[in-house]
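I am opening a notebook on a structure that is new to me. The entries below follow the order in which I looked things up.

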Amino acid sequence: MSGRITTLDAVTANPKTIYAGAASGGIWKSENGGTAWRPVGDDLPTQNIGAIRIQQSNPAVVWAGTGEGNPRNSMNLGQGIFKTIDGGKTWRSMGLEATKTIHRILVHPDDPDVVFAGAMGDPFTPNEHRGLYRTTDGGESWDKILFTNDQSGVADMVMDPKNPNKIFVALYEHRRTPWYFTSGGPGSGLYVTYNAGDTWRQLTAADGLPPGDLGRIGLAIAPSNPDRIYAKVEATKNALYRSDDGGDHWTLINDTPRYTNNRPFYFQELAVDPADHNRLYNIYQPLHLSYDGGRTFDPTPMIPADETKGVHADFHAFWVNPNDPQNFIIGGDGGLGITHDHGKSWYFPETMPVAQIYQVNVDEDMPYNVYCGMQDNGNWYGPGYTWRRGGIRTLYWQYLVGGDGFYISPDPEDSRAGYGTSQNGDLYRYDKIGGYYSSVQPPAPRGETLRFNWNAAFARDPFDANTVYSGSQFVHKSTDEGANWTVISPDLSTNNPAQQRGDYGGLTLDLSGAEMYNSILSIAPSSLDRSLIWAGTDDGQVHLTRDGGDNWTNLTARVTGLPKEAWIARVIASEHAAATAWLVVNDYRRGDYAPYLFRTDDYGNTWTRVVDSDDVKGYALSFIQDPEEPNLQFLGTENGLWVSGDNGGSWRQVRNGFPSVSTMDLKIQRRESALIIGTFGRAIWVLDDLKSLRELVARPRVQRRLRAMPMNDAVQVKGRFINPPGNIWTGFHTTFEGENRVFQRTEIPFYLNAHVNARATVSADIYDASGTKINTVSRKDVGPGLQYLTWKLDEQRADGGDEESRGIPVLPGDYQIVVRAGDYSDTTRVTVISDPRFSLDPEVDKQLYAYQKEVDGQASRLSALLTGLDNKAEKLRKVLRYLEDVEQAAWADLPDSIEAMLATIKETRALGQTSRPTERQVGAWQSYAVTAHSKVREAQQKAMSRTTVPSAQDWETVEQAEALIEDFEQAVERFGLDVWGAFAAKLKAMSLLPGAE
């Protein structure tokens, strides 16, 4: 469960230091050869990475070009080029923001101030901001040194390893619109410079390249023999070309479609073995090898295009260790693969959560599950949190439906079954336990051809669990879980034949369905009025029906400020007012990068634009209104997550560790007040305390110094040693572990304003329903803002316990919590509920509680006796230490007497608890002696994790413990009367034992 990797580089002198760039997931660094990874660059204003290049003469200097260079329909644009001089700790913008995508970077090895940035440009918007740029002053200024036209950018660029002034650059003409894609044109071509870019020569058919318009070209130069250069050329006839004289002349060596004709706009990468110029890596959907300079390829791929074998296919990035050709790394739509034995075995680093999420959802299980649709990785589900030790590991997640995953929706009554979608309206019913899924996609009415968008609309009816909606150009409705469908709308798109061409691709047809247009993107049934349904299309149309689909009103012209034919990404129906809805709109596919969010409060008659570029950064992608506090709203954009507490009047970016990542979808788990955030590049995040935000929004002007916040119900989870699935041990940073919520405890939220002591001590007293204080928890050095105290859902034991141990688990019920900071206090409440995994009679918990209270009472008796003996022993040891420093003849025999008394105390104590041996060094030790302490521990163990009432034998264990404690108590009393009393009096008379009893 990773995502698309677009670029790789490693330090030549220390190849354990590796950088990887994700298409929309940021920059990642490994310092141990790829076993462990961490993000470096989460503070960048964008996480969309197209190129990374290390300055090998000083590896602390790294360049990063932003904007993905694979111009697919869901590509992510960037914000120029960035540079670090401290190995990724900090980054500085070095310009070129208008280029939008930088696909290649080269650093001159002899003069690192000379850097080449290959900009592919924005494929949706023809302009001059593309081509090859060069800086000669370390990025302070840039010159454009190679450019052909406003639709052509740099697709590839290689430098001669023995002559760094000789550089080959492939320019690529291409164009995207929301409904069309064309690859190739007169602006494409292969160019070479011999003077570091001062002048250029175009290589043409006269040099052996194909005649006519060219498309995308992939390049590779052999490190062991720079005269050997390969070019994978998209042309009228796609083929692999080779030069054996440094690029002066080229020869077609392979035009087998299997190896040269696989979606060249997306897969056109080559690499050469650093020690063998004939060993060529063909990097596309699979990974194929040639051992004879490209004339033939091994028909058995090193990595097949099969999701069940080895490494996820669809590759875009490749790095070969220049000093060890057995070691190379490949990156694609499913993350990284690392090999050290030339592809015989591969390691998949699962600690790079760069999944590109289209949609998220939740169920009502407890713990609840999170569902997601991922780019090229299908539909999945996994826990939002677990009641097991450790974090949320990859092994918790299960695959549901294949393809590019989009909408995923579990049944509300039973999450075993549900709906999953993939590209172009493929709709399935799945069964988690059975492991199968079956198609329920709406059929085309007679005489119609349906147009389903790549990310086609899907929605469930809020009133009827059996009813669902699917969107082509029509709204389709099924009332029997997809068995039968009815069209309930006319064509809601503009239905423009000019935007429905079937020859996408240009030089190479690419009919994947990604350009399907004039279709519905969003269907939003109202949860307040079962006859009301909103719909939005990819060509800017907004419709509403108020009679269940019999009649539809086109509202498009009423949306003031809506760009013509803009992308209506989402329509959101309010859960507070039926007349209210929002439109999430973007128009970057036409060169408009502004955010658009519109709201209506009168069924679409009038609309207000809620955000613009002064409010948030990045075009709009998602929105949600809190179901309880209407003024609390969240907006996801291409550059992060934003929150409003005043109904959209103002917005603040959510940071606190959340990067400026494409935020594609938002859902709220109502029962647990959790915001689920689906990002297109950094997987799934959860903000699990909306109650506190609701309180701050609902009462923003309450200026108390201390505010205790409302709390979610807390589950009294049963269990002791609860391990995760699979291997218990994570290997330290090699297993992905998402942060888990605390369990067998709860977090008490409170807010300190800036007027409280900057670093306060905060405590919380917990009271049961009778008003009895049962525990106190505290934290020191607490700063202002929203903070938390942790309570273990326990009653303090009679002996006080310690910070690590847990007291007696409290019974289900309501508890009052009084939070205190200095002279200020505030009160909140929490309801503790029983573990829902066990259908227990409440009497079970009551009897278990009574049992533990009885055991705790006996433990307290025993502890007091043992502590009394320990205190006596410690007083004697203090006397011994004192006697070591004084010389008094009258006291000469005292040390021996004290040692004898210490031995007697030890013997007496052993009647209650067998002590660990002190006369010898101990490796492993345990005692099998039956003592008061061993019986108390046995009784305590019986109470832990029990789901039945205490048995007769359990109570017998308590009785045995009580009898042994009574025997021990008598022994301690005899010791005190017969032995200790006189001895202590003697020492007291010598003024050696103050306070002796």
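Are aspartate 333 and arginine 4 buried or exposed? I looked up the pair in this predicted model and found that both aspartate 333 and arginine 4 are buried. They form a salt bridge, with 3.9 Å between the closest N and O atoms. Aspartate 333 sits in the loop between β26 and β27, and arginine 4 in the segment before β1, so the bridge ties together parts 329 residues apart in sequence.

Next I checked arginine 460 and aspartate 411, whose side chains meet in a salt bridge at 3.0 Å, N to O. Arginine 460 belongs to strand β37, while aspartate 411 is in the loop between β33 and β34, 49 residues apart. Arginine 460 has a relative accessible area of 16% and is buried. Aspartate 411, at 10%, is buried too.

I then turned to arginine 599, which forms a salt bridge with aspartate 601 at 3.3 Å between the closest N and O atoms. Arginine 599 counts as buried at 16% relative accessibility, whereas aspartate 601 is partly exposed at 46%.

I also noted a network of salt bridges that links Glu364, Arg671, Glu672 and Arg741. My search of the whole structure gave 51 salt bridges.

On the surface I found a patch of negative charge made by Asp110, Asp111, Asp113, Asp137 and Asp143. Aspartate 111 lies in the loop between β9 and β10 and is partly exposed at 34% relative accessibility.

Last, I looked at the whole chain. I counted six helices and 67 strands, and 57% of the 997 residues are buried.

Key: Residues are numbered from 1 along each chain as its sequence is written. This is a predicted model: local features need pLDDT of at least 70, side-chain atom pairs count only at pLDDT 80 or more; totals for chains, interfaces and linings use all residues. Side-chain values use heavy atoms; hydrogens and water are left out. Patches are made of residues with over 30% relative accessible area and no salt bridge: like charges are joined within 9 Å, nonpolar side chains (Val, Leu, Ile, Met, Phe, Trp, Tyr) within 5 Å. Accessible areas come from the Shrake-Rupley method with a 1.4 Å probe; for residues, only the protein chains shown count as cover. A salt bridge is a side-chain nitrogen of Lys or Arg within 4 Å of a carboxyl oxygen of Asp or Glu. Lys and Arg count as positive and Asp and Glu as negative; His and the chain ends are not counted. The place of a charge is taken as NZ of Lys, CZ of Arg, CG of Asp or CD of Glu. Helices (H or I, at least four residues) and strands (E, at least two) are DSSP runs, numbered from the N terminus. Buried means under 20% relative accessible area, exposed over 50%, partly exposed in between (1.4 Å probe, protein chains only).
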